[in-house]
Amino acid sequence: MNNKILIYLFFVIVPFVVKAQTVETDYALKVNTLMGTKGVGWASGYMYPGATYPFGMVQFTPSYFSKQSGFVINQLSGGGCDHMGNFPTFPVKGKLEMSPFDIISYRVNLTEEKGHAGYYQTMVQEDIKAELTVTERTGMARYEYPQGQNVGTVIIGAGVAATNTENATVVITGSNTCEGYAEGGQFCGYPTPYKVYFVAEFDVKAVETGTWKEDRIREKSTFAEGRNSGVYFTFDVSNNKTIQYKVGVSYVSVENARENLRAENTAWNFDAVKNQAEAKWNDYLGRIEVEGTNPDRITQFYTHLYRVLIHPNVCSDVNGEYMGADFKVHKTRSKHYTSFSNWDTYRTQIQLLTILDPDIASDVVISHQLFAEETGGEGFPRWVMANIETGIMQGDPTPILIANAWAFGARNYNPKPILKIMQHGAEIPGSMSQKVEVRPGLKQYLEKGYYNASEQLEYTSADFAIARFALHAANDQFVAWRYEHFSRSWKNLYNPETGWLQSRNADGSWKSLGDDFRESTYKNYFWMVPYDIGGLIEIIGGKAKAEARLDDLFRRLDASYNDDWFAAGNEPSFQIPWIYNWVGRPDKCQKIINKVLNEQYSSAIDGLPGNDDLGTMGAWYVFACMGLYPEIPGVGGFSINTPIFSSIKIKMRNGDLMIKGGSEKDIYIQSLKVNGKPYESTWIDWDNISNGAMLEYNTSAKPNLQWGTKVDPPSFP
């Protein structure tokens, strides 16, 4: 009898114990996709709440810019201007009695929103439950109509998007299918004439179909084109309340959109697609494991990490085809990527992406190379949407992005032809990427050594990054020397009479102190010499004066474009807190970063201090929480601050980086050990930790004015 009981207990209890031991953390559920989806003016995350896949082609979501415009298939995470928003769709109750026009005029309301990585849910018109999920290149919706509702309609816009779309066509090809294409509109005032194609299906046949154009409904029509056009499908939902919808997308052709749909989502199993998306997110999010005392901080951390991993987006189809920058169809051996907000992402996002997935980072570099070659090889683009160089922002950021990728281990490509493109764009005035000049003002910059201040400071960082890439990737010491020389021209902007970096006229005379600082001020952009911080400190009279200047800047943290204090929400200021490590006050660095994390960020829907800019701000948050920041362009390494988590594990290709001893409240570093040995520097080289390492912090609520002050961090004069 006793033996029978033991055998029973073994077979009943042991499986539950084994299962409990093998259950992994569901990181996808730690993400709150509503965080940062509201805000006022530029101090907003510009986030969308819907479903997407890691680096996926499709973002199936309400638009940030107008949730009443439908569930669209493409959006950028944190792009600060209206954009994309193609093929919006909504379920509505009853038959279509009036034209949806531009859809927003149809006045469909969304309530009870919730979302996590790979999944979004909301109530449409108060009581239609809508759920969205994705594969890499397709979207899927499940609409559940309320009890008592016998008829339901789904509308799909073609000539409707976030900006004006004149060229669009949609065709109803069956009682439950349609397909079409649309051209892009604008982004921040710049034309984006990409073409995007779709093929859509429902799991049940409609009882009525038709189209609309402007304010007119066309019953039984199967074709619509032009602005404010679309199609509708009306269903009998008296017995079956659930309608499923799926859409395949391509930037090449309708046939490729169809092939993408067939390859990635052949069945009608919404939960299976959702589970697969969540599993993919768990894989990526789980590459950093954190433990801490603040559950809300963990939510913020994984939400920011999630947004780091949304972009760049794959733009090649399952057959390898993609639309090139020359508007010709090409085929890639791996995956081709787009959505390059490089003026932003070179500062933080590419480094984190490279650490977590160097293969994708290498493909991103190759995608830039191909874009440049397809437009003549004169230089790299700086801000790409689909296959269009928009030309927004300034500087020459892509060489920095590529040099950063190389420095942190993304090296699966030939660097020499890439260096040639960098050189052409940096030395040949008038070099173009599509219709955009690579370096405006280059002739004056090269001949006289000065130009508009903030633009020149971006150029000098790019030149320093080219020097690093030439030396360490292409083994070309002469080119490295030449570009190091260019990078020193920041000193030509220093006006000893004012003590600040300043723009100069073509004749060498000084412009007004505040001129030419894009999206920032002279007090913030002054510190935009991250490769020679030591030289910057020296030129203004030493560490004490630099410290006083930093103290004044950090009197507030919430600057807008024209405010002369610190701007937590904009890229030119992101690296400034760590400069305290160069002036011998790492305790102030630790205090300010903790203050920014706690006062400028939250998990609320308006909880971000500025645009995420395709994962740039998200990566800043992740690095700040881990106590490591990639301060110097083209250099593998980190400036150190106090980690905010008690335990961090970063799963890297060649070994795990373990970080122990961080704290939410004991924010000051008392001591640090690296692999068991005392470590006194506020800088740590990537080579010292890239194969795995252990960082052990001892922290306190009181500052240690000695730790980190004996060894100066690197500068490259």
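The model is predicted, so local features need pLDDT of at least 70 and side-chain atom pairs count only at pLDDT 80 or more, while totals for chains, interfaces and linings use all residues. Residues are numbered from 1 along each chain as its sequence is written.

The chain comes to 17 helices and 41 strands, taken as DSSP runs (helices H or I, at least four residues; strands E, at least two) numbered from the N terminus. Its radius of gyration is 27 Å, close to the 27 Å from the globule rule for 717 residues, so the chain is as compact as a globular protein of that length. That radius is taken over C-alpha atoms, and the rule is 2.2 Å times the number of residues to the power 0.38. Of the 717 residues, 63% are buried, meaning under 20% relative accessible area with a 1.4 Å probe, protein chains only (exposed is over 50%, partly exposed in between).

UniProt lists residues 256-699 as "domain: Glycosyl hydrolase family", in an unreviewed entry; such annotations may be inferred rather than shown by experiment. This stretch is 40% helix and 15% strand, with its end C-alpha atoms 56 Å apart.

Most residues other than glycine have a negative phi, and most peptide bonds are trans. His311 and Pro312, however, are joined by a cis bond with omega about -10 degrees, and Pro312 sits in the loop between helix H4 (295-308) and strand S23 (313-314). Ala386 has a positive phi, near 55 degrees, and is buried at 12% relative accessibility. Asp516 also has a positive phi, about 70 degrees, but is partly exposed at 28%.

Methods: Side-chain values use heavy atoms; hydrogens and water are left out.
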